[in-house]
Amino acid sequence: MTGAGPEKQPTGDEETVGGFGYAQELHRSLSWFSLFSVSFSIMSIATGVFLNFTFGITQLGPVSIWLWPAVGVGQLLVALVLSELGTRIPLAGAGYQWGSRLVGPAYGWFIGALGILYAAVGVPGIVYLAVAPLTEYVLGIDDASPRMTLFIALLMLTVAYLVNIISVQVAARINNVAVLAEILGTVVLALLLFFLWVTGAKDSDHGIGYLTEHHHLPGYSYGYAVALASLVGVYTLAGFEAAADVAEEAVDARRALPRAILGSVVVSVVLGMLVLIGFTVAIPSDEVLAAGGLPAVFQYWLGEGLARTFVGVVVFAMFALMVVSAAVIARILFAMARDNMLPGSALLRQVNPTTKTPVPALLAGYVLNIAVVVFGYNSSNAFGTLVGATAVLPYLVYLLIVLAYGYRRRRLAAVDGAFDLGRFAGAVFENVPRLPRRRRPDADTAGRVPPSELLRARWAGPGSAVVASRTTPTARTGRGRSTAPRSATPAHRWPESPGGRRMKKKAPTAGTWVNWAGDESCAPRHALQPRSVDEVAAATKRAAAEGRTVRVVGAGHSFNDQVCTDGLLLNLDRMSGLWHVDAEAGLVTVGAGTRLSELNLQLARHGLALPNLGDIDRQSIAGAMSTGTHGTGRRLGNLATQIESLDLVLADGTTLTCTEADPEILRAARLSLGALGVITSYTLRVVPAFALRAETRTMPLARTLDSLDYLVDGNDHFEFFLFPHTDAALVKLNNRTDEPVRPPRDLAKGIAEFTENGAFDAACRAGRRFPSQIPRLNRAVTRLMSPSSHVDQSHRVFASKRSVRFTEMEWAVPRAACAEVLQEILRVINREHLDVGFPIEVRFVAPDEQSHLSPAYGRESAYLAVHMYQGMPWERYFRSVQDIALAFDGRPHWGKRHLMTAAGLAARYPAWDTFQAVRARLDPQGTFTNAHLRRVLGPVTDSQDSKGGRGHADQ
């Protein structure tokens with residue numbers, strides 16, 4: 001091809017598909033009206049308005065209906081773009097094909113996966129939460145059991161998929177009839193209600209001015225109310241691109257698609273507005289709407305019989321939506337399988353030669369939908385959250401497609417006689433950033449590429465795998481991707497200054513150690529992974545002789561620089577595992593490098609467990625014990641209280657077994673910050689394995705604080721999270737039980753982990769980008785939280801997966817001061833306008849005199865942990881929290897951030913001098929002391945010198 005001008009495209013449907021490298025396998029029989037019906041059914045104004053109408057009125061009042069046309073205009077702009085794109089790439093599974101051919105296979109796969117997820121969850125959500133209950137209402141089944149609802153949902157899904165398997169023509173006819181019924185039924189109903197209201201057939205407490213009345217819920221702004229109320233239109237006016245998903249079954253697809261897509265959006269916006277006006281003026285009172293929703297409004301004006309009839313029309317429209325959605329998910333699966341992009345592609349891409357329908361893909365969609373409905377039956381709360389969360393997926397798909405098309409549009413030839421944006425394209429795409437253009441081997445840069453030539457180098461034809469899109473294993477050149485192994489060391493963040501500004505990324509050099517949070521690092525001269533105590537002793541003795549510092553690293557979950565050294569850094573991962581078990585005595589010996597998660601599993605195999613754990617289990621046992629890691633429970637101390645004895649390698653290479661035979665050494669070594677030597681093993685007290693009933697729910701913050709004593713004393717393990725800028729707390733109640741284990745289902749657990757990690761990380765990123773929106777984000781998060789309850793083994797309840805990166809400070813204060821300290825922290829956040837998106841975590845620990853440096857030494861303690869998301873300024877917030885904690889005799893967590901020095905810490909620990917005496921005895925040369933320990937413990941001195949080190953905190 002030369003740059004002489006755009007290449008003409010064939011308009012014959014079969015030639016079009018062949019031009020993209022595929023054979024015409026699906027039967028072409030859909031007219032433009034059938035395509036229009038597909039898009040109209042997916043949007044379904046009857047479904048959207050019926051399900052969401054009350055929500056909009058509640059958030060903003062009747063004026064909320066006027067947001068519908070505003071949303072409609074935005075959707076029309078997107079529809080214009082997709083209509084033009086549909087004429088250029090009219091293939092089944094449109095979103096997947098568009099992404100693949102505009103950007104690449106991985107991009108297309110991601111868009112296709114989003115489409116599958118949306119259909120797999122959205123259809124079951126509608127059928128189980130709406131269609132089945134409304135069917136019961138229409139049939140007069142007033143007291144239907146959950147099993148009846150499940151049966152109706154499964155039956156309707158089965159029928160919807162059977163219709164699609166029989167033939168696309170049958171599905172189209174049913175859908176066409178349903179669309180006509182929906183248009184006539186909803187419009188007639190709205191006009192009838194308006195007429196009855198105008199004529200005063202029954203009492204109504206408002207006039208036409210009611211359509212402009214507005215309000216917002218207490219505690220929230222009008223802006224927030226407008227955003228929520230607009231969701232009525234946002235949730236409804238989506239899915240219009242579905243017509244493009246069945247493009248390979250359309251007659252004259254390139255001309256029919258734009259008419260169908262644009263027509264469905266325009267008709268939906270106009271008719272939807274008429275319906276909203278009719279339904280709104282017909283509201284007899286707020287009480288009627290609140291009590292029974294739209295069915296109650298219909299019944300008020302029309303009587304029960306007619307009301308049920310019109311709801312039946314809505315149910316029919318919803319059924320048509322199910323039929324169309326089944327077709328759409330099958331076409332996406334078929335399209336991706338045709339390019340070998342899915343497991344089982346050879347089966348999923350098959351088309352029945354008689355019905356000309358992709359039967360295996362339909363059956364796969366059916367199985368997915370059935371599985372999600374059954375999940376909804378078993379976990380209704382999690383299911384509702386999942387359905388609500390997936391509502392954003394169409395808009396993510398639109399964004400990805402529009403951006404990709406904006407990049408590539410100028411490189412594509414127009415299709416002769418087909419829809420084209422023409423001179424209006426600039427208004428749509430002028431703000432879309434342009435990718436650097438590469439010279440293609442098949443087109444001069446002055447010309448345009450036919451859509452069928454997109455990715456020609458990447459696709460080998462129908463039914464083939466992606467072949468040439470992957471970069472060969474060479475060094476990085478141009479935009480290619482190197483296959484050379486990446487450094488195992490992640491990027492870390494450095495503080496610019498102590499002024500509380502953001503921490504910048506700085507790639508570490510080879511041999512650099514970086515902590516989990518990515519904000520502390522060091523470059524040791526030597527880094528070793530010994531396999532035995534003898535190797536530890538030899539390495540330590542050699543480093544001490546050379547005058548080098550020795551430090552030990554575990555999982556890197558400390559948030560300060562206590563691990564950092566320029567000398568010898570030891571990693572004990574190879575010294576892990578359960579070394580000895582005495583179940584009768586309740587004692588086990590474990591290697592110091594063992595991760596808590598690994599230890600939990602090994603103990604469970606022996607019917608044993610640790611009596612308490614923290615909220616994560618990624619740490620090494622030595623790191624957790626040496627820094628004072630704790631869980632929650634007023635009768636339980638921190639994890640170091642479980643230590644019966646330990647083995648300690650000293651600077652001279654000798655090994656000291658610390659037991660109660662010398663209690664002062666053992667109490668110093670249990671929580672020592674690695675200042676005494678290298679711990680190689682522990683003997684721990686364990687208990688028989690036990691189960692916990694885990695309950696999570698939200699409570700008003702004021703009520704939580706008022707009930708603290710009751711909650712702490714009345715539960716084995718109680719903790720709570722309070723969210724700044726809100727009045728809500730998330731409480732967790734874990735209690736021992738003899739009930740059978742009833743763990744959360746895998747899907748429910750996966751959803752919870754996604755919400756707590758992926759979704760929460762997205763909210764944190766949004767807060768970092770738009771700090772002024774953090775209060776709104778926090779309020780939104782608290783409203784999304786739902787109660788849950790399950791019974792599981794203790795270690796699976798205590799520990800949760802945490803992948804969101806942050807930095808942290810934590811203080812132990814007297815339990816009695818907990819509420820007052822929290823209230824003061826919240827006052828400072830509000831007064832200083834601090835951008836705090838992370839919740840404050842509060843846990844409770846028993847008095848502890850088994851470790852000289854325990855923050856809970858000698859008193860019941862409440863631990864208050866504050867966090868800041870990675871890349872956000874933290875020092876101003878943390879300094880304020882420290883000032884408050886110090887005023888209440890607080891002690892910092894040794895593994896978290898704080899700004900204190902030995903001079904201020906000494907006065908807060910009654911056994912400080914005893915610890916310092918043991919330290920001077922075991923490490924007189926300071927072999928295990930780095931800059932951090934000199935700051936927080938001071939230099940190694942004898943006990944007499946250490947007594948003079950008491951004073952105020954260095955702030």
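I began with strand S20, where Ile-840, Val-842 and Phe-844 point one way and Glu-841, Arg-843 and Val-845 the other way, all of them buried (under 20% relative accessible area with a 1.4 Å probe, protein chains only; exposed is over 50%, and partly exposed lies in between). The strand itself is a DSSP run (E, at least two residues; helices are H or I, at least four), numbered from the N terminus. I noted that in a regular strand the side chains alternate between the two faces of the sheet.

Before going on I recorded that this is a predicted model, in which local features need pLDDT of at least 70, side-chain atom pairs count only at pLDDT 80 or more, and totals for chains, interfaces and linings use all residues. Residues are numbered from 1 along each chain as its sequence is written, and side-chain values use heavy atoms, with hydrogens and water left out.

I then asked why S20 is largely enclosed by the rest of the structure. It is so because 6 of the 6 residues of S20 (residues 840-845) are buried.

Next I looked up the pairing of S20 (DSSP must find at least two bridges between two strands). Strand S16 (residues 717-722) pairs with S20 in the antiparallel sense over 4 bridges, with Phe-720 opposite Val-842. Strand S21 (residues 861-869) also pairs with S20 in the antiparallel sense, over 5 bridges, and there Val-842 stands opposite Leu-864.

Finally I turned to the whole chain, which has 33 helices and 22 strands, and found that buried residues make up 57% of its 955 residues.
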